[in-house]
Amino acid sequence: MKWAYHGKCLITYQYRCGGFNMTTRLPTEERKTEIVAAALKLARETSPGSITTSDIAAAIGVTQGAVFKHFATKDAIGLAIMQWVREQLLQKLQEEASSAASSTQALEAVFRAHVAFVIAHPGVPRIIFHELQQPTDSPIKQEVRALLQAYRQLLRGLLKSGVNAGEFVATLDQEAAATLFVGIVQGLVMQSMLTGKPAGMKAQADGVFRLFIRGLQEAP
C-alpha cells in the first residue's frame, strides 16, 4: 500500500490486489486538487512545456485516462492552476493588507506575502512565464491578466490611502508606483529562477522594499 500526503489530508491512492495495481476513486474535487498540486510540484524542476499528462498521472499514481476524466486537455490543467493561484494569492494578500495598521505596513505585508508565496510555490512563476511566451491569447493568459488587474487594484487602493494619510508624497504617481511594485517582485522572481534558489528572494527583499518605500515618501 502507498500513501501520499497532500496538504492536510492523508490519502490512500494505490494498493496492490492479486498482483494488480488498483486505484481508489477520490471525489472529483479532491482528485482535481491532487492533479493541480502534482502539476505545480513537477513545475518546480521541469519546464512546464515538457510536463505531460502522463507525468502528472505517474506523480499521483493513476492512469492517464484518470487525469483526462477530470481535465480534457493539459491546457485545462494549466487554467485550473492559474485559477487556484489567483484565488489563493489574492486572498492572502488581501488578508495581510487588511490586518496592517498603516498603508506603509500594508504594502510591506503584501510584498512579503507575495515573496513567501513564490518561495513556497516556485513552479507558479515558471508556468506563468511559459504561458506568456505563447502567441495566442489563451484562457490561461486571460486568467493571469485578471490576477494582475486585481493585484494592481489592491495596490492602487493602498497607495491612495497612503497619500491621503500623508504617508506618501501628495504628488505620487500612483499608477507608476503600482507598476514598480509589481516589477520589483517580478525582478526578484527572475533572479531566483536564474540561480535556481527561490529562497534567495527573502535575503534581498528587505533592502529592495526599503528603497521602494523611500521613493514614495520623498518628493521628486
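This is a predicted model: local features need pLDDT of at least 70, side-chain atom pairs count only at pLDDT 80 or more; totals for chains, interfaces and linings use all residues.

Colleague: How is a pair of aromatic rings described?

Modeller: Such a pair is described by the distance of the centres and the angle of the planes. Rings of Phe, Tyr and Trp (its six-membered ring) pair if their centres lie within 6.5 Å; planes under 30 degrees apart count as stacked, over 60 as edge-to-face and the rest as tilted. The structure holds six aromatic pairs. One of them joins Phe-111 and Phe-181, edge-to-face, at 5.9 Å centre to centre with 85° between the planes.

Colleague: Which helices hold Phe-111 and Phe-181?

Modeller: Phe-111 lies in helix α5 and Phe-181 in helix α8, 70 residues apart. Helices (H or I, at least four residues) are DSSP runs, numbered from the N terminus.

Colleague: Why is the pair of Tyr-151 and Phe-181 classed as it is?

Modeller: The ring centres of Tyr-151 and Phe-181 are 6.3 Å apart and the planes stand at 75°, so this pair is edge-to-face. Because Tyr-151 lies in helix α7 and Phe-181 in helix α8, the pair ties together parts 30 residues apart in sequence. Phe-111, Tyr-151, Phe-181, Phe-209 and Phe-212 form one aromatic cluster.

Colleague: Are Phe-181 and Tyr-151 buried or exposed?

Modeller: Buried means under 20% relative accessible area, exposed over 50%, and partly exposed in between (1.4 Å probe, protein chains only). Phe-181 is buried at 2%, and Tyr-151 is buried at 3%.

Colleague: How much space lies in the second largest pocket?

Modeller: On a 1 Å grid over the protein atoms alone, a pocket is an open set of points where a 1.4 Å probe fits, with protein on both sides within 12 Å along at least five of seven lines; lining residues have an atom within 4 Å of a point. A volume is the space filled by probe spheres set on the points, and the second largest pocket has about 400 Å³. Its lining has 20 residues, and His-114, Ile-128, Val-144, Leu-147 and Gln-186 are the closest to its centre. Helix α7 gives the largest share, six residues.

Colleague: Which residues of α6 are buried?

Modeller: They are Gly-123, Val-124, Pro-125, Ile-127, Ile-128 and Glu-131.

Conventions
Residues are numbered from 1 along each chain as its sequence is written. Side-chain values use heavy atoms; hydrogens and water are left out. Helices (H or I, at least four residues) and strands (E, at least two) are DSSP runs, numbered from the N terminus.
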